[in-house]
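Please open the model in your viewer and keep the sequence at hand. The stops below are given in the order in which they may be selected.

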Amino acid sequence: MISIIGAGIAGLGIGLKLLKDGRKDVQIFESHQYPGGCAGYFYNQDISFDVGATTLSGSADFFWREHNIFFKKTHMPIGITIHQDQKKVYFFADRKKWIEELDLKFPGHDHHSFWNNLYYLSDKAWAINQQRSLNPPRNLFDLYSFINRDLLKCASLIKNLFTPLSSLIPQSYKSDQNLMNLLDEILMISAQVKSNDVNQLIGAMSLTYPHDVHYVQGGIGEIARKMSQEFIGRGGIIHYRNKIEKIIKDNHNFTLHTASKTFSSQKVINTAPLWNQSDFFPQDLVWKKQEKKFSFAWSAITAYAIIKTNRPVSELYHQIHISTPPAWIKSHSIFLSFSDPDDTLRSSSFKQTLTISTHTMASAIPPKSSPDYKKFKLEIEKYFKDLIQKFISNDISFEMLLVGTPSTWQKFTSRRNGLVGGIPHQFKNHIFNYPGQKTHIKNYYRLGDTTFPGQGIVGVLTGVKNFKF
Ligand SMILES: Cc1cc2nc3c(=O)[nH]c(=O)nc-3n(C[C@H](O)[C@H](O)[C@H](O)COP(=O)(O)OP(=O)(O)OC[C@H]3O[C@@H](n4cnc5c(N)ncnc54)[C@H](O)[C@@H]3O)c2cc1C
């Protein structure tokens, strides 16, 4: 029996892959009642809300095709609309239009050369990603096969992994604070770090991601719904509401403990994040060491709204830049994702929904047990409402708005301290340093957004594609 912990994108993805490879004995344990994890959903008034992820960017067509996962996605002509004070910047999908937009909104810079450099790097990285099964070498044998198979393809890019993005950014950009804020806040969406702490390759892939944003009909949760249906349809088992608390290994087997049951398994693939691993093996100091090594990570404040407007919002994805954020926001922006007003798969009543998210740290939020917690949530609610009316439209009113904090994330995804978004792509966390899928425990593997190649739906599925026992 192979046991997978977590029915997020990683767990469902590897479950489907194992069934496809002919394994018949695959079971998933999921602490929540729905699949999807950070790319999951919940229902309110029969409407499906995305809990975290809202956009699909980068191609995982290799996965959807191979596993018969069908959903309708629409490529967005404007990836994100960026709001900086009075300025609105449209990040067009079309590269030429985007450079023209930069020329118009930020005149006097050589945007063309800088962005063409970024396109060159990210196109090459995506091409390699599509072709190869890249895994970071962990030992001499890995290194030998890496050099044989992959190095030639990657050779010209390796230096970009070890060179800071800041050395590619033109000097004229660096003297324009608004332009640097624009780069930094786009990087915060997927690299989770700013331009002074990222390498050129990850920087290029992260800065160019808004060219390739898709809206999924039914919401991003439709992907997990479809993946879980397919997994169960092919004979896989998902034990919902079964949180694995502890894992014990004897010579040949693992025993997985929930609060009330035990399950035996020969192999375990755990998709809970790195920061959770010492909960499963409290005596194992290796996990504590790894947690310490990658201790810098973000949590999120999110909010879920049903909006009322005279005219539905037609640009679906927005990033609002904030020069002086309140203490509970740890970046300088918030991200807004509106549902497609015609998306009847998500809401048969044609109500338009909104998911709001921003970076925070658990330490910036009063604990749930504190008497200030409720007051604090009301403060967040008001802040978001005012911001949306100011930047998007003062015609918007709110039929409902629910706020999620790091405690909410911890409750619904079991991620310790509500840490989400993967391991930030700090300069020091390059491919050879990032945690891999094999672990120091025989037959115990890790997958998901805290293993290479990192976070996001497509990143996680690339990890699934690369997975090998
Ligand atoms: C606010 C936010 C916005 C995002 N936006 C985007 C976006 O627009 N596009 C994009 O591609 N990505 C986005 N991401 C990132 C993306 O959602 C994640 O990287 C990806 O979904 C992670 O998948 P995963 O399977 O690795 O982990 P998870 O989604 O965390 O899945 C792990 C699963 O394991 C379960 N679990 C954990 N511990 C246990 C246990 N002990 N026992 C049983 N079950 C357990 C959890 O309940 C969860 O379902 C966003 C993330 C956040 C938080």
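Helices, taken as H or I runs of at least four residues, and strands, taken as E runs of at least two, are DSSP runs numbered from the N terminus. With that naming, select P453, which lies in the loop between β21 (444–446) and α15. The model is a predicted one. At this position a cis peptide bond joins F452 and P453, with omega about 10°.

**The domains**

Next, colour the chain by its domain assignment. Domain 1 comprises 2–39 + 220–295 + 424–466, domain 2 covers 75–214, and domain 3 covers 298–413. The C-alpha centres of domain 1 and domain 3 are 29 Å apart. Where these two domains meet, five residues of domain 1 are in contact with four residues of domain 3. On the domain 1 side of this contact, two residues are nonpolar, two are polar and one is charged.

**Helix α1 and its two partners**

Now display α1 together with two other helices. Two packed helices are described by the angle between their axes and the distance between the axes.

Begin with helix α1 (residues 9–20) and helix α15 (residues 457–466), whose axes come within 9 Å and cross at roughly 35°. The crossing of α1 with α15 is right-handed. To see the contact, show the side chains of I9, A10, G13, I14 and K17 in α1, and of I457, V460, L461, G463 and V464 in α15. By class, the residues of this contact are seven nonpolar, two polar and one charged.

Then turn to helix α10 (residues 221–233), which packs with α1 at an angle of about 35°, the axes being 10 Å apart. Which hand does the crossing of α1 and α10 have, left or right? The crossing of α1 and α10 is left-handed. From α1, the residues I9, L12, G15, L16 and L19 take part, and they meet A224, M227, S228, E230 and F231 of α10. The contact of α1 with α10 again divides into seven nonpolar, two polar and one charged residues.

I9 deserves a separate selection: it belongs to the contact with α15 and also to the contact with α10.

**The nonpolar core**

Which residues have the most contacts inside the largest nonpolar core? This core has 107 residues, and those with the most contacts inside it are I9, I14, A39, L187, I457 and L461. Strand β15 (residues 298–308) gives the most to the core, with eight residues.

Not counting residues up to four places away in sequence, I14 touches I4, I269, L447, V464 and F467.

**A buried strand residue**

Move to I334 in strand β17 (residues 333–338). Is I334 buried or exposed? I334 counts as buried because it has 26 C-beta neighbours inside 10 Å, and 20 or more are required for that class. Leaving aside neighbours within four places in sequence, the contacts of I334 are I320, I356, S357, T358 and L387. A distance may also be drawn from I334 to I322: these residues are 12 apart in sequence, and their C-alpha atoms are 7.9 Å apart in space.

Select α9 (200–207) and the loop between α8 (177–190) and α9, where N196 is placed. In α9, eight of the eight residues are buried. They are Q200, L201, I202, G203, A204, M205, S206 and L207. N196, by contrast, is partly exposed because 13 other C-beta atoms lie within 10 Å, a count between the limits of 12 or fewer for exposed and 20 or more for buried. A line from N196 to D340, 144 residues apart along the chain, spans 35 Å between C-alpha atoms.

**Two loop residues with positive phi**

Finally, inspect two backbone positions. Q45 lies in the loop between β3 (41–44) and β4 (47–50). The phi of Q45 is near 55°, a positive value in a residue other than glycine. Q45 is exposed because it has 12 other C-beta atoms within 10 Å.

D85 is placed in the loop between β7 (78–84) and β8 (87–92). D85 is not a glycine, yet its phi is positive, at about 45°. With 10 C-beta neighbours inside 10 Å, D85 is therefore counted as exposed.

Definitions and conventions: Residues numbered from 1 in each chain as written. Predicted model: local features only at pLDDT ≥ 70, side-chain atom pairs only at ≥ 80, totals over all residues. Domains from an automatic or database assignment. Contact = placed C-beta atoms within 7 Å. Nonpolar A, V, L, I, M, F, W, Y, C, P; charged D, E, K, R; others polar. Core = buried A, V, L, I, M, F, W, Y, C linked by C-beta atoms within 7 Å. Axes fitted to C-alpha atoms, helices over the stretch in contact; angles between N-to-C directions. Left-handed = near helix turned anticlockwise from the far one by under 90°.
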